[in-house]
Amino acid sequence: MGELDKVPKQEGVIDVGISRETREELVQKAERHLGYDSIYVWNANINGYIIQLRTNESHLDDFWRENWFPASIERNLRPHGVIYAATGVYDENPGIYYNSETKTGIIFNVNDYEFVRALALGIVADVCEEQERLNFLRGSLVDINGEGVAIMGETGRGVSTNAFLLLELERARIHSDDIIYVEQLGGEKGRISTSVSERKFFLKKDLIKIYPRLQALYEKSKRENSHFMLDPWWIGGNEKYLDTTRIKLIFLLVNNRKDARVAKRLNTQEAIDILTRSPQPFFNPYLLIRSEKRRKLQIDFYKNIFKFAAVYYLNVAHPLLDMQKEVRRIITSKEYLEPLLEEKERAKAEIDEIVSQLNLEEIRQEVENLYERTNVKQLPPERIRKMAEKYGTKTIFNNYNFVSTVKNRSAGLTITVGSPEVVQYEMSPKQKELMKDLPKTMKDVLQYIKSAPLICTERTMGGNPDFTPKCTLFLSVHRGEMIRLAHMVNQTLFDPLDNYNGPHIFIVFIPEWQEKDRQIIVFPEIGVTFVLGTDYYGEAKKGMLRMAMWFAKQQGMLGLHAGAKKIRARDTQTGKIKTYNTLIFGLTATGKTTHSCHTHDLNEADEEGIEIVQDDFVALRPDGSALGTERGFYLKTEGVNPEIQPLIYDAVTKPDAILENVMVDYKGNVLFESDILTGNGRGIMQRDDFGKYKSPTVNLPPLKDVDGLIVLMITRRNTVVPIASKLALEQAAAAFMLGESIETSGSDPKRAGQSVREVGTNPFIVGNKGLEGNKFYDIIKGLGDKVRCYLINTGGVGELRETNEEGVSVVKRKVDRVQIKEMASIIRGIARNNIEWVPEPHFGTLVPKEVEGVDMDKFKLEKYYSIEQVEEMVQQLKKERKEWLNSFPELYEEIKKAFPT
């Protein structure tokens, strides 16, 4: 019976299936040797299961108390199980007995604690199985940078050895050594949460040869034969030990000398086969009761586990160092986070089946029918404005601030539905749940909108002869204050046209939908989006743009999440004024709006200047022209400053501007610097309010009508990325695909400082993202030498981070940030063509030798980091970039290889 099989065999006995009568006889015999002056009694709490040890052996009592967390000893407390361990019983051979009915173990003349411990864990397993509430895995668990890595195997396969070797990694902490308690399995986020079972680890002495740190600790630990009792806190405090984590990865140790592979990703059935065919079923030597029913319980338990954690076979026939090298590669590459191909195919088939239950044309028709329904009112913009302003706070600028309940987009609750060309197959557990319920949800929604109080407003996107989608909002005003959403749509898009060119797209917005069912359902092919259970305006704005991007792509254009402007600058080489179309890409809060609406301090007295065209979305055409969409720019108001961003400040403080979730005091003062309500304060400013800096049109002309196209890809990083880099066209396409920035503490403290990537810096792409990158490359390549591309870093250099005891990344040294005025000088230098570009040593690009108005020495890496630190950060970034680009199979090879690796 696993660990119990090692009980001394000199006429020894192991019987884990004794009858109740035998149990009574043996307990009576044991109790005769547990006198009132020699008995030790202690209740252990093993994750809520109370096991009582009654013994006359002080050594066993000592180790028992060291090993487990204590439970109270009360007269009326009924333990889940009891172990009688009596020594000095002259008429008994060494033996271990167990009666499952009463959960009683009896041990005679066995002084080794390991058998008492094994029996205790066996009793707990028996109780769990009997209650059909399985909770325990047998194995070791190490947390690495916030993610749990479990190692399982038969006794003697090196489970503890491999676990302790992983502690050599910088952000690795031990959780459990021999038994892992699953505290929460599944849930909304699809996770396996754990807590520790043992107060101190019962370890084999051999480990001190593998992990030298244990040598000194062994000397101060309680010892028994080949084992010792270790307090895991001694290993390194909270830097090397933690008591809870979430399992993301499991390694099953096997011995297969015929297999040249060190490791292999397994599907669920392959993993179950390994566990069930083992001589030690489920790698658990503590299972006392064997039956087909219990075997099935264990199989179902592990099948559920493998839904939420990737599982690998790890071949112990290979040298230990080779195994560790492969384990570390798997961990650091995070390849285990990707679903298996067969899992993808199964999930795809399930989604296709769900979509097949929907009649998309019927959904579109039901939305169009709203025009005829008596519960829908179509109101003019001025009336909508007056109704909305009653629910806002008037500011000292005579504009209004509105406060929403939901203060950010619900990206994780958004699903895209339609044909295989557009449907979203890769989903979070929550999105899968929403998709599963979609047929019922749509039935309920279509029924609800027939009677809910709705208002309708209609607008036009863009101003050109070729692509001007008609945009209709149907908004529920069950809560009267929601009328503000219609007002904000009106202030963002243009007045309706009698003859529009392009699709007719709809958003059905129902803010009062149940919070637990909040979701955004996008049907791009029929031009309909349903917004349920949120009152955040960004869902309406981005919902319209997302659908328009899809239709633009069908007409040979490429929808870009980018600002657009024209820059006039005197070329240093020729002395002539040149005009450039300019596209500025960037993720939220990286400076896209700031630099789209900045003069770059150009010399207006010398005919230089800018024309602000667009802030957020344009449709790029093969001739280099770009069609704009909006008259109102939706900006992030955090830190808006009249000195640093004068054009933006002036526009957002005009009466026609709208503020959202910005702090406004009782006097109407606007506190742009405050993040008390949210760090995501927003505003809609009117393009007309930029005065002389406003372009006459929201479109960029064909490239033949200007001197060139400047493409600025904004990244925000704080370590080794140059402040400005000149890119080859292939590198520009790679930068487009990378869409790089970093996670902030405001969005996810544990991931702060880590890379964030979004193709095209565009979270609203519908369809294949690799093909999106190819299309971008084809367009800029087709425009020839009139295109110049740059990567500009609005972050800085010099930041250092460390991970604290809670696994949170904390700043040890702040970034020396590039200032807005400095970046404006760089962009001015690019436009004037007066920057000398020299090779950059790490990333294969060109960087400025010097820039007028900027002290470039300030950003030299050697001022902040050692050579070794620079090399480490550079190699990590290159590795991330390579893995990201290679994850798009359709992407052109020249784009994948644009940056050196």
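Reader: What are the angle and the axis distance between helix α12 and helix α15?

Author: In this predicted model, α12 (residues 381-389) and α15 (residues 483-492) pack at about 135 degrees, with their axes 8 Å apart. Axes here are lines fitted to C-alpha atoms over the stretch in contact, and angles run from 0 to 180 degrees between N-to-C directions.

Reader: Why are α12 and α15 called oblique?

Author: Under 35 degrees counts as roughly parallel, over 145 as roughly antiparallel, 65 to 115 as roughly perpendicular, and the rest as oblique. The angle is about 135 degrees, so the pair is oblique. Their crossing is left-handed (the near helix is turned anticlockwise from the far one by less than a right angle; clockwise would be right-handed).

Reader: Which residues of α12 make that contact?

Author: Pro381, Ile384, Arg385, Met387 and Ala388 do, meeting Ile483, Arg484, Ala486, His487, Asn490 and Gln491 of α15. Contact means heavy atoms within 4.5 Å.

Reader: What makes α19 and α20 roughly antiparallel?

Author: The axes of α19 (residues 729-738) and α20 (residues 769-782) cross at roughly 150 degrees and come within 9 Å. The cut-off is over 145, so they count as roughly antiparallel. This crossing is right-handed.

Reader: How do you know that Ile792 is buried?

Author: Buried means under 20% relative accessible area, exposed over 50%, and partly exposed in between, with a 1.4 Å probe and protein chains only. Ile792 has 1%, so Ile792 is buried. Ile792 sits in strand β44 (residues 787-793). Leaving aside neighbours within four places in sequence, its contacts include Leu712, Ile714, Ala724 and Met823.

Reader: Which residues of α13 are buried?

Author: In α13 (residues 429-436) they are Lys430, Gln431, Leu434 and Met435.

Reader: What makes you say that they line one face?

Author: Seen down the axis of α13, they fall within an arc of 140 degrees, so they line one face of the helix. The arc is that of the directions from the helix axis to the C-beta atoms. These residues pack against α10 (341-356), β23 (414-416), α14 (438-448) and β27 (519-523).

Reader: Where do the numbers and element names come from?

Author: Helices (H or I, at least four residues) and strands (E, at least two) are DSSP runs, numbered from the N terminus. Residues are numbered from 1 along each chain as its sequence is written, and side-chain values use heavy atoms, leaving out hydrogens and water. Local features need pLDDT of at least 70, side-chain atom pairs count only at pLDDT 80 or more, and totals for chains, interfaces and linings use all residues.
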